[in-house]
Amino acid sequence: MRCPFCSFTQDKVIDSRESKDADSIRRRRECERCNKRFTTYERLDEIPYMVVKKDGRREKFDRQKVLSGLLHSCQKRNVSVTQMQEIVDAAESFVVDSPERERSTAAVGELIMGRLKDIDTVAYIRFASVYRDFKDVREFKQELEDLLGGREIKPKRPMAR
Ligand SMILES: [Zn+2]
């Protein structure tokens, strides 16, 4: 989107919501050069932001779906809805910023996990365990051990990386 104030073309989406009749999306944007905020309205059927699944299938990026996953992972954890909303916004900006108008679900998932990791370890582990592929289980277990190891007695292991 072109900034109406300074014509710069890079901005970040700070809030998105569907209109009442659900046929358009209102986005609050912030220009990355002048930091002024502006609003855009986009018709839903004109927004081809997609996520590409592991098997190559594409589907529309769905904020609600991301939020549902987060709500599930953050159940009874100390993560506020605002924090979750921020993660959803970050995920959406990431997809919207793609020059190809699509991102792999793996890349989106990594971004979400990166954010979640900084906020709440348990929520992160829940999200990652649902999200990650079975073939990554060993890698995930390693990660889990690293996380737990940081808190409890550090097991002696050679440097893995
Ligand atoms: Zn600007």
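Let's start at the largest pocket, which is lined by 22 residues, with Lys53, Glu59, Lys65, Thr105 and Tyr131 lying nearest its centre. A pocket here is an open set of points on a 1 Å grid over the protein atoms alone, where a 1.4 Å probe fits, with protein on both sides within 12 Å along at least five of seven lines; lining residues have an atom within 4 Å of a point. Strand 5 (58-60), helix 1, helix 3 and helix 4 each give two or more residues to this lining, and helix 1 gives the most, with five. Helices (H or I, at least four residues) and strands (E, at least two) are DSSP runs, numbered from the N terminus.

Keep in mind that this is a predicted model, where local features need pLDDT of at least 70 and side-chain atom pairs count only at pLDDT 80 or more, while totals for chains, interfaces and linings use all residues. Residues are numbered from 1 along each chain as its sequence is written, and side-chain values use heavy atoms, with hydrogens and water left out.

Now follow helix 3. Its Val108, Gly109, Ile112, Met113 and Leu116 are buried, meaning under 20% relative accessible area (1.4 Å probe, protein chains only). Looking down the axis of helix 3, you find its buried residues within an arc of 135°, so they line one face of the helix; the arc is that of the directions from the helix axis to the C-beta atoms.

Finally, visit Ser98, in the loop between helix 2 and strand 6. Ser98 counts as buried because its relative accessibility is 4%. Ser98 and Met50 are 48 residues apart in sequence, and their C-alpha atoms are 9.8 Å apart in space.

Key:
Buried means under 20% relative accessible area, exposed over 50%, partly exposed in between (1.4 Å probe, protein chains only).
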